[in-house]
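I opened this notebook to record what I looked up in a two-chain model. The entries follow the order in which I consulted it.

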Amino acid sequence: MTRALGLVGTIALATALVGGTAGAQTIKIGVNEPLTGAFAASGTYVVNGAKIAADEINAKGGILGKKIELVIEDNKSNPTEAAAVAEKLITSDKVPVLMGAWGSSLTLAVMPKLMEYETPMVVETSSSGKITTTGNPFIFRISPPSAVEAAAFKGIVDKLALKKVDFLVINNDWGRGTAEDFSKMMKDKGITIGLVETMDQGAQDMSAQLSKIKSSDSETVIVTTAVDQLTLIFKQAAALGLKKRIITTGGSQNPDQIIAQAGAAANGTMHLTTFLPWFPDKTPNPEATNYFITEWKKRGFEFAGCTESFRGYDGIRTAAAAIEKAGKAEPAAIKAAFWDINIKGLNGDIVFRKSGPEGKESGQSQPNVYLIEINDGKVEMKTL
Amino acid sequence: MSEFLQHLVNMLVLGGTYALLGIGLTLIFGIMNVVNFTHGILYTFGAYIMFIVVQQFGLNFFLALPVAVLAGWLLGAAIELTLLRPLRGSDIDTTMLVMIGAWIAMQSGTLWIWGGVAKSVTTPFPEAPLVLGPVSVSWLRLFVLAAAAMLILVTYLLINKTSLGRAMRATFQDHDTASLMGVNVDMIYTSTFAIGSSLAAAAGALLGPVYVIFPQMGDLAAVKAFAIVILGGLGNITGAVIGGFILALAEELGAGYVSSGYRDAMGFVIIIAVLIFKPTGLFARAERVG
């Protein structure tokens with residue numbers, strides 16, 4: 001009896017496996033994003049942007065004669081989950097390419113899995129330098145690493161007359177990496193670095209850190225974290241009477257959400273962003289930007305999400321372009337094809353350059369970085 | 001010095017809400033011997049009620065508070081009647097597992113209804129803070145502190161000055177004897193759980209507008225509530241209040257003068273110390289528990 005059951009089980013499993021591969025009428029792309037937990041807002045925006053790209057591609061007939069199918073999984077803003085989700089997408093859903101995983105710590109947790117299963121991933125948001133410098137040839141990043149942000153910011157440092165700067169950063173690879181890269185650039189410019197305060201990714205009360213910063217003799221605070229924590233920081237800074245210039249980095253600020261939720265507390269704050277949905281004509285590809293924004297609004301999503309969702313849109317288009325170039329939906333071919341693509345991203349052309357140790361370089365594109373300022377509840381562009 | 005004063009003010013404001021979180025949990029633990037894993041989600045629930053009443057129905061902020069308290073009371077009573085009453089007499093592990101299940105189910109429920117993106121509530125308080133010399137504090141937080149103090153006082157009076165409170169304390173000491181003396185123990189259990197739940201919902205309703213509202217907001221709050229309860233001694237209301245302020249002080253000074261990266265660890269360092277040196281909590285009286 002047990003043997004008979006075992007046999008039936010084996011047949012069922014075999015059928016399922018054969019059916020799973022031979023019958024594939026779609027090309028799958030794995031999406032590994034935080035849909036719950038501390039980064040839920042950002043991850044959801046990215047996924048919604050990704051869906052717009054998939055629908056656009058499918059409406060035009062798909063790629064290689066097949067429709068693309070996004071297999072979306074929630075990594076719960078947790079590195080352990082992010083690695084598990086990547087494994088599930090690769091081994092069980094058999095996706096030949098992934099996009100993810102929003103946060104630097106999440107992406108770094110996924111990276112060993114990419115090596116293990118030799119599957120490439122488009123990194124759409126993460127900015128820790130480590131991602132493209134540790135020698136993982138399956139990484140293709142379209143977001144700017146924090147050193148690129150720091151370099152872009154370098155030009156405006158003199159105009160803002162920065163003298164002494166404190167940091168308040170999220171206590172993970174993203175935040176600490178940003179503090180390091182920006183400190184280095186600023187020290188070269190002769191700016192004094194004061195406090196470097198950190199906060200837990202789920203922390204809601206930053207009053208203690210802000211009180212400490214309030215008492216320091218710096219005139220500027222660089223803040224790095226995602227939109228939900230930023231909102232809290234602006235509110236709490238205002239409540240504490242903190243009157244320093246606040247500049248945020250990382251491109252996950254969703255300025256319109258900050259304006260809506262933090263109100264007047266957001267006025268006077270500056271933000272380094274990677275997309276300009278407020279000024280489509282000033283973006284590198286106005287036509288594509290306008291299409292994306294119109295589509296985003298048509299779907300009833302809040303405009304605030306644009307600064308984040310465009311990454312998902314560009315990420316999927318990047319993956320699709322590589323699949324098309326590869327001519328087949330296989331990980332090794334797609335990985336090779338990433339080096340040959342050139343697509344018009346919403347934030348500049350996506351062309352990968354080699355980064356990291358020789359022989360196992362990661363791909364890194366060179367996106368633009370902009371500085372905006374919130375004044376009277378409106379977004380204004382500052383020239384870098 | 002001004003930084004230290006600011007830390008103290010922050011501690012007072014934070015401690016008031018920690019105390020509120022702690023007393024609801026300690027009440028349920030002390031009287032019912034139930035490890036209430038739904039405490040955090042009731043906190044979240046209170047915050048969402050606030051969001052619905054103020055943002056979606058556009059009703060008054062001050063009216064929303066009692067609505068949240070009442071909703072928390074009703075949800076607490078419902079949990080007690082449907083989940084805990086049938087399990088009365090089961091061992092503590094079984095109850096704990098059921099409560100963990102209820103927590104996960106309810107958290108997924110909030111996620112399903114409202115999504116993972118954080119919501120915020122507009123308040124009638126001015127955005128400019130109250131400035132007293134070197135110290136500033138927002139009007140909203142002062143109100144939260146006052147409301148928390150009032151709720152703590154009401155709870156204290158309810159337990160120490162009313163016949164319901166006397167019956168609760170009697171049940172806490174010995175539920176068999178209390179039952180023989182004519183105390184309706186079933187009713188006491190339901191009331192206790194409902195009151196504890198309404199306090200959690202009140203804390204959420206008060207803090208939701210201070211922070212932002214999202215389905216997992218209660219997780220950290222619940223962990224802190226457990227810490228406060230351990231600090232103050234199980235079932236000890238005064239202990240929970242003082243425990244709340246001690247935790248807030250440890251976090252503020254820890255983040256301010258030691259390292260902000262370890263802010264949330266500070267409280268737990270204290271708890272480990274308490275558990276080593278005074279395992280029944282800082283303020284546990286010699287009392288008959290079984």
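**Entry 1. Confidence**

I note at the outset that this is a predicted model. I looked up the pLDDT of chain A and found an average of 89, with 93% of the residues scoring at least 70. I then asked which element of chain A has the lowest mean pLDDT and which the highest. Where pLDDT is low, the predicted coordinates should not be read in detail.

**Entry 2. Chain A as a whole**

I counted elements next: chain A holds 13 helices and 16 strands. The C-alpha trace of chain A spans about 75 × 50 × 45 Å along its principal axes. I checked the radius of gyration against the globule rule: a compact globule of 384 residues would be near 21 Å, and the 22 Å of chain A agrees with that. Of these 384 residues, 58% count as buried. I also looked at sequence separation; among contacts in chain A between residues at least 6 apart, 69% join residues at least 24 apart.

I traced an open sheet of seven strands in chain A, in the order 2-1-3-4-5-14-13 and with mixed pairing. Strand 2 and strand 13 (353–355) of chain A are the edge strands; each has a single partner strand, so one side of each lacks a neighbour in the sheet. From one strand to the next the twist averages 25°.

I followed two pairings in this sheet. Strand 1 (residues 26–33) and strand 2 (residues 67–74) of chain A run parallel and are joined by eight bridges. Within that pairing, Asn32(A) has Glu73(A) in strand 2 of chain A as its bridge partner. Strand 5 (residues 139–141) and strand 14 (residues 362–364) of chain A also run parallel, joined by two bridges. There Arg141(A) stands opposite Gln364(A).

I then looked for helices against the sheet. Helix 3 (residues 79–91) of chain A packs on it and touches strand 1, strand 2 and strand 3 (98–100) of chain A, with a direction at about 175° to that of strand 1 of chain A. Helix 4 (residues 104–117) of chain A lies across strand 1, strand 3, strand 4 and strand 5 of chain A, and runs at about 160° to strand 4 of chain A.

Is strand 1 of chain A mostly covered or mostly uncovered? I found six of its eight residues buried, hence mostly covered.

**Entry 3. The sheet that contains strand 7 of chain A**

I traced another open sheet in chain A, of seven strands in the order 7-6-8-9-10-15-16, again with mixed pairing. Its edges are strand 7 (192–199) and strand 16 (378–382) of chain A; each has a single partner strand, so one side of each is without a neighbour in the sheet. Neighbouring strands are turned by 25° against each other on average, direction ignored. Strand 6 (residues 164–170) of chain A pairs with strand 7 of chain A in the parallel sense over six bridges. In this pairing I located Val165(A) opposite Ile193(A).

**Entry 4. Where the chains meet**

How many residues of chain A are in contact with chain B? I found 33, which are in contact with 32 residues of chain B. The elements of chain A that give two or more residues to this side are helix 2 (40–59), strand 7, helix 8 (207–215) and helix 9 (227–239). Helix 8 of chain A gives the most, with seven residues. By class, I recorded 12 nonpolar, 15 polar and six charged residues on the side of chain A that touches chain B.

**Entry 5. Chain B**

I counted 11 helices and two strands in chain B. From the N terminus on, its elements run α-α-α-α-β-β-α-α-α-α-α-α-α. The radius of gyration of chain B is 19 Å, close to the 19 Å that the globule rule gives for 290 residues, so chain B is as compact as a globular protein of that length. Its C-alpha trace spans about 60 × 50 × 35 Å along the principal axes. Buried residues make up 53% of chain B.

Finally, I looked up Leu97(B), which is found in helix 4 (residues 92–114) of chain B. Leu97(B) counts as partly exposed because it has 13 C-beta neighbours inside 10 Å. The C-alpha atoms of Leu97(B) and Ile152(B) are separated by 29 Å.

Terms used: Residues are numbered from 1 along each chain as its sequence is written. Chains are lettered from A and ligands numbered from 1 in the order in which they are written. This is a predicted model: local features need pLDDT of at least 70, side-chain atom pairs count only at pLDDT 80 or more; totals for chains, interfaces and linings use all residues. pLDDT is the predictor's confidence in each residue, from 0 to 100. Helices (H or I, at least four residues) and strands (E, at least two) are DSSP runs, numbered from the N terminus. Two strands pair if DSSP finds at least two bridges between them. Axes are lines fitted to C-alpha atoms, for helices over the stretch in contact, and angles run from 0 to 180 degrees between N-to-C directions. The radius of gyration is taken over C-alpha atoms; the globule rule is 2.2 Å times the number of residues to the power 0.38. A residue is buried if 20 or more other C-beta atoms lie within 10 Å of its own, exposed if 12 or fewer, and partly exposed in between; C-beta atoms are placed from the backbone. Two residues are in contact if their C-beta atoms, placed from the backbone, lie within 7 Å. Ala, Val, Leu, Ile, Met, Phe, Trp, Tyr, Cys and Pro count as nonpolar, Asp, Glu, Lys and Arg as charged, and the others, Gly among them, as polar.
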